[in-house]
Structure formats: C-alpha cells, structure tokens
Amino acid sequence: MTKPRRSVQFQHRGSNGHHGRRPSISETSEAVSEPGSPGPKMNGIGEASQEEREPPPRSDYDKKKQTFITRTIWTLVMIAGFFIAMFAGHIYVIGIVTAIQIVSFKEVIAIANVPSRAKNLPFTRSLNWYFLGMTMYFLYGESVIYYFKHIILVDRVLLPFATHHRFISFMLYVIGKFNFFNSFKHSPCSALTIIGFVFFVGSLQKGHYRFQFTQFAWTHMAIGLINVEAHFIMNNIFEGMIWFFLPASLVITNDIFAYICGITFGRTQLIKLSPKKTVEGFVGAWILTIFFGYAMTNVLMRYQYFICPVN
C-alpha cells in the first residue's frame, strides 16, 4: 500500500495566483516592470538591461568643467615649477633650456628617420648626436668664455680651451686624421679619427646615399633651428633674467587668456585647422596680454635680480 503524497509547494509556484504552472516570460517581464517593484530592470532572463549598466552620457557642460579643472591644476603645477627653477638661479634655468633643446632635437630628427634603413646603417644616429654635441660644445663655449672670462682666462687648465676654442670646435666638426691605424699606433689620443664630416663621408654606403645625405641635411637644419635659438636664449638669461622671464610669461599668459576668453565668449571659429580656436579668444588674449606685459615690465624693473647680467 503506497503512502499518500504530501502537498509540497515551491516558492516560485503558486505565489502569483497561477497554481500548478510556471509563469510565462511575458508575465515575468510584466511583473518585474511594475512601478512598485524595486531593483534594476530585468530583460526577462535575470540580467540587467544595457541601459542600466551603462552610465548616463555627460553633458557638454560637465565635459568643459572637467577639462577646465584638469588644465587649471596642471597649469598651476607647471607655473610653480617654473618659478622654483627661475629663483633657484641661472644655472637651473639653463639646465631646463638644455633639456628642452635635446628633447626637441630628438623629435625633429625622428621625423626624417626610417627605422628599417637606419638598422643597416649603425652610425646614422650616432652621427646625429655627435653633431649635436659638437654644436653645443661650440655655442656653450662661446657664451661661457664671454660671460665668465674673468674666471676662465686665469685658470691654467681652462686657458688653452678658451684660447683655441673655435679651432678645437672646427677640428672636431670637420676633420681628423685620415689614417686610423697609423694614428692609433702612434698615440691613443689620436684615436679620435674620422671626426665630423670626414666620419660622415667614411660611413657612406652604396645604395643608401640618398637616405644618408637626407639625414645629414635634416640634422643640420635641426641644429640651426633648435641649437642656435637655444644659444640666443641662454645669452638672454646671462644678460638678465627679465629677457627670459618676460617673453616666456607672455607666451604662457597669452595661451591661458585665449583659452579662458574662448570658452567664455567664443562663438566664431578662427581657422579650420584648429576648430576650437575662436576669434573672441584671439582678440581677448591679445588685449589682455598687452596689459599683462606692461604691468609685468614695471614690476620686474624694480629688482636687480631680473635686470642685472650674471657675474
């Protein structure tokens, strides 16, 4: 004799008025989508909908606000670093100029570089940096000898380098001893051979002439564009910090004023090359930069640190 089966009810059955059968998918979705039902919307198979998982898109105002905050923070950080380096002394400012000079030279040289061909020419990159070093040696030496001659010309070690500075620079750049093996046999110091231009001619390889001469011309163009300009900037620093600080501050403030006036009053596009530049930002930055330059000049002229040459 079989035992009578007990009536067992499961939680997902009989709770919604439908005894003895499972609710359909449509009924489940309707029950979940009722206004009083808590929790995220479900798509019928127990997963949150795509709209609930993705955050709502930010408005243009929120994007501009976040960009403004980020730019303001980094602007203050860079301005603080600039002032710290400037008041630390002339040598620290020259160090910053030198670092920017080297990084700029590297970026300009990379434009004309072809890595697949440079691998077959091991001396290509070495020659680029060699010419940079020789140019820096010549230009830096000219400035140091001129502004610190009262120190260099009385030193027994530095006096020969100061007296023959241009000749040494010329020899390093243009020519060395042609016979490498003979020079190395006679003196280890004479191993600095095939220097500069002669080294470049000796490194030419058949099938790569056009690429190598392109690199040679591009290197000297970068040197004339970057190193010579950096040389004049350092001379301005030696003549008085005002000649470096004032032009740099005008460029910085002009960019800041253009951004502020552009996001505040900008309506008319300035050029198609940069869509975010506006006529209102350009004019506003121009006017405010003139007032800033006039006021800053009157302030800096009162301090000998800015107007006196280095000694």
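**Reading a predicted model**

Reply: Gln-215 is buried, with a relative accessible area of 3%. Buried means under 20% relative accessible area, exposed over 50%, and partly exposed in between, with a 1.4 Å probe and protein chains only. The model is predicted, so local features need pLDDT of at least 70 and side-chain atom pairs count only at pLDDT 80 or more, while totals for chains, interfaces and linings use all residues. Residues are numbered from 1 along each chain as its sequence is written, and side-chain values use heavy atoms, with hydrogens and water left out.

Me: In which helix is Gln-215 found?

Reply: Helices (H or I, at least four residues) and strands (E, at least two) are DSSP runs, numbered from the N terminus. Gln-215 belongs to helix H12, which covers residues 209-239. The chain as a whole has 15 helices and zero strands.

Me: Which residues does Gln-215 touch?

Reply: Contact means heavy atoms within 4.5 Å. Leaving aside residues up to four places away in sequence, Gln-215 touches Ala-112, Asn-113, Thr-124 and Asn-128. With Asn-128 there is also a polar contact, side chain to side chain, at 3.4 Å. A polar contact is a pair of N or O atoms within 3.5 Å; within protein, one must be able to donate a hydrogen and the other to accept it, and residues adjacent in sequence count only if both atoms are side-chain atoms.

Me: Is His-165 buried or exposed?

Reply: His-165 counts as buried, because its relative accessibility is 4%. This residue is found in helix H9, residues 165-174. Its side chain reaches the backbone oxygen of Phe-138 at 2.9 Å. Not counting residues up to four places away in sequence, His-165 touches Tyr-137, Phe-138, Gly-141, Glu-142 and Ile-145.

Me: What does Phe-161 touch?

Reply: Beyond residues up to four places away in sequence, Phe-161 touches Tyr-137 and Ile-168. Phe-161 lies in helix H8, residues 158-163, and counts as partly exposed at 46% relative accessibility.

Me: Which residues touch the most other members of the largest nonpolar core?

Reply: A nonpolar core is a set of buried Ala, Val, Leu, Ile, Met, Phe, Trp, Tyr and Cys residues joined through side-chain atoms within 4.5 Å. The largest one has 23 residues, of which Met-86, Ile-237, Met-241, Phe-244, Phe-245 and Phe-306 touch the most other members. Two or more residues each come from helix H3 (60-88), helix H4 (90-111), H12, helix H13 (242-265) and helix H14 (279-300). H13 gives the largest share, five residues. A second, separate core has twelve residues, including Leu-132, Phe-200, Phe-216 and Ala-222.

Me: Where is Phe-282 found, and is it buried or exposed?

Reply: Phe-282 is found in helix H14. At 52% relative accessibility, Phe-282 counts as exposed.

Me: How many residues does the chain have, and what percentage count as buried?

Reply: The chain has 311 residues, and 26% of them count as buried. Among its contacts with a separation of 6 or more, 65% are between residues 24 or more positions apart.
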